[in-house]
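Biologist: I'd like to learn how to read ring pairs in a protein model. Could you walk me through it?

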Amino acid sequence: MVKVPQSPRPASRTSLPLLTGLLLAVATGLLIPLQGRINGALGATLDDGIAAAVVSFTTGLIVIAAIGLALPRGRAALRRILPALKKRSFPRFYVVAGGIGALFVFAQSFTVGLLGVALFTVAAVTGQTLSGLLVDRLGIGPGGKRSVTGVRILGSFLTIAAVVWAVSPRLGAASDVGSLLLPLLLPVVAGCLMSFQQAMNGTATVHYGSPIAATLVNFVAGTVILWIAWLTKVMLLGTGHALPSEWWYYLGGPMGCVFIGLAALLVRSLGVLVTGLGMIAGQLLGSLALDLLLPAPGAVVALPTILGTLLTLCAIIVATLPWPKGALSSRRPASGKQATPGGRATAKGR
């Protein structure tokens, strides 16, 4: 179980009204499909998905480092990173959470052009929904443990069914089913790991005192991992195409800064469940909007894709919202515990 400081800094505590936090979570989720479209286009232009991920993370690292050094609160948070690690305020391997973000960006760069934004998002959401059960059970995030209920399991199975429905047009059109299933596997795995990343970043933010520090640590870890992977690839296969001159290809990294930082902040204020639900809603709505209004080459948006995506959203609601029994237990927590906005109970004074 992750230890939380006995006396957290009051100044670092952030409280948002539920509706405001949800709207912010939805807006944050909308950035993920747009980031995926940009990174996917960059990967196709460079003919190198790893190089596109390197560009995205490197530009994001530059942006968040500049923000952290420019703001007094950011500099104060950066100074708390090493003391927090030395004191083992949380497991040290949390600093490599950025590697999960690196995998997610690589998955975007490599598969969005093949799957379309909508199918990529549905696959990632499926992984995130399933892994959310395990993350809640382990209590990795700052909200503590949450039981795996029958309703949440049902919601997870509904999510899987919805994904099959959503991808059915592509399955019917594909000459080789494996050519579609294998690219889908990568965003599913990346989505599975995203729940762990958000939980770890939320916990780290409690000790750093600002999401700026957690975001910077993420980008440092992810950038190092991706540069090593890209240099290895260059030695074996050579480089891809030259970097494009269009400015919008380089917006993926700054969008990642916004997503990681706000996710870490919202997890503390709203709880993992409410934050995740809002962001997933934003991802689904944003991905459908992109594929309908600005379709990428090869993207398929048939009626089953739309209805399957909507059913996925309904399934996530079933799996994550506190239903009457859970709501009752959150109003009457066990002795020595207090309820959190996500319906969880955490020990007092921890």
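This is a predicted model: local features need pLDDT of at least 70, side-chain atom pairs count only at pLDDT 80 or more; totals for chains, interfaces and linings use all residues.

Biologist: How far apart are the ring centres of Phe 90 and Tyr 94, and how do their planes sit?

Modeller: To sort a pair, look at the angle between the planes: under 30 degrees counts as stacked. Phe 90 and Tyr 94 are 5.8 Å apart, centre to centre, with 25 degrees between the planes, and that makes the pair stacked.

Biologist: Are Phe 90 and Tyr 94 buried or exposed?

Modeller: Both Phe 90 and Tyr 94 are buried.

Biologist: Why is the pair of Phe 93 and Tyr 94 edge-to-face?

Modeller: Planes over 60 degrees apart count as edge-to-face. Phe 93 and Tyr 94 have planes at 80 degrees, with ring centres 5.0 Å apart, so they get that label.

Biologist: And why does Tyr 94 count as buried?

Modeller: Buried means under 20% relative accessible area, exposed over 50%. Tyr 94 comes out at 6%, so it's buried. Phe 93 has 52%, so that one is exposed.

Biologist: Which residues do ring pairs link into a cluster?

Modeller: Phe 90, Phe 93, Tyr 94 and Tyr 208 are joined that way.

Biologist: What is the mean pLDDT of the protein chain?

Modeller: It's 77, and 79% of the residues reach 70 or more. Over residues 1–14, though, the pLDDT is below 50, and this stretch has 26 contacts beyond near neighbours in sequence. Residues 326–350 also have pLDDT below 50, with 45 such contacts in the model.

Notes: Residues are numbered from 1 along each chain as its sequence is written. Side-chain values use heavy atoms; hydrogens and water are left out. pLDDT is the predictor's confidence in each residue, from 0 to 100. Contact means heavy atoms within 4.5 Å. Rings of Phe, Tyr and Trp (its six-membered ring) pair if their centres lie within 6.5 Å; planes under 30 degrees apart count as stacked, over 60 as edge-to-face and the rest as tilted. Buried means under 20% relative accessible area, exposed over 50%, partly exposed in between (1.4 Å probe, protein chains only).
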